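Biologist: I would like to learn how to read a structure. Please take me through it one feature at a time.

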Amino acid sequence: MKNQNTCTSCSKEPQGYVPVARVIERLDELAAKNDSAGMERVLDYWENEAKALGDDRGLLVILSEEVGHYRREGDEKKGLSACEQALALLAVEEEITVADATVYLNIATTMKAFGRAEEALKYYDITREVYERELEPNDYRLAGYHNNYATVLADLGKFDEARAHYMKALEILKAQGNINEVAITYVNLAKLIDDENAVAGKEDDGRADEYIELAYATLISEGAEHNGPYASVCMKVADACGYHGYFLYKKELEERAKAIYRANGGEA
């Protein structure tokens, strides 16, 4: 009877297609536990399943998840492989949708992360064209574009342009009360100042520290939702705090993240 019940549950899923919503939900559960290995197993399984089913749309979603996951894990080989496979699927699309543009943005960000900033520029351009045509000016996805595009501009030494894009992202994110991404944007601005000073041969002028303070204050504010995404952001901001010598901030944010991972059944 147990097997019959399991099969009945499975029969509710569309036949011949990847159950995308359920897969994303499972990936989110594993991310909330900080279970990277588990996420990779899920991604590998559904990539193979999508190919066996001939479900190209489902495969594109899985590959986009892989692009982001392997970027965060620093796995260049797997990350760029997922990028190449996703680009091959996108190349046959008759029309680029907003969802497709988001995949292009993910690909561009990963290429940039693995030292291919110049190559990534054309995919940022595709994203911008679609987003600006299809989305409202205050859509959070535009903030994502501005934030990620700014990082590649900074890598190319275009600091003033990068700063302008970070500020556009910050405006949108603040208006939407997106605490996690506001904190990340402050950290990005701090890094921008560090890089700008390094190129100019200037001493630390304290401006970067101001953004680190703002990032920390944002994360400990009362409006923060203590969930998996928040834990991930806490760890990222903690690293920046440590780099700038804010070791107590670093310790507190790491402890917040670890407590969330433990509460979700993962290893801190």
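Modeller: Start with a definition: a disulfide is a pair of cysteine sulfur atoms within 2.5 Å. This is a predicted model, where local features need pLDDT of at least 70, side-chain atom pairs count only at pLDDT 80 or more, and totals for chains, interfaces and linings use all residues. Residues are numbered from 1 along each chain as its sequence is written, and side-chain values use heavy atoms, with hydrogens and water left out.

Biologist: How many disulfides does the structure hold?

Modeller: It holds 0. The sulfur of Cys241 has its closest cysteine sulfur in Cys234, 9.6 Å away, which is too far for a bond.

Biologist: Is Cys241 buried or exposed?

Modeller: Buried means under 20% relative accessible area, exposed over 50%, and partly exposed in between (1.4 Å probe, protein chains only). Cys241 is buried, at 0% relative accessibility. Cys234 is also buried, at 0%.

Biologist: How do I read a pair of aromatic rings?

Modeller: Use the distance of the centres and the angle of the planes. Rings of Phe, Tyr and Trp (its six-membered ring) pair if their centres lie within 6.5 Å; planes under 30 degrees apart count as stacked, over 60 as edge-to-face and the rest as tilted.

Biologist: How many aromatic pairs are there?

Modeller: There are 7. One of them, Tyr145 with Tyr149, is stacked, at 5.4 Å between centres and 15° between planes.

Biologist: Where do Tyr145 and Tyr149 lie?

Modeller: Both are in helix H8, 4 residues apart, about one turn. Helices (H or I, at least four residues) are DSSP runs, numbered from the N terminus. Tyr145 is buried at 1%, and Tyr149 at 13%.

Methods:
Helices (H or I, at least four residues) and strands (E, at least two) are DSSP runs, numbered from the N terminus.
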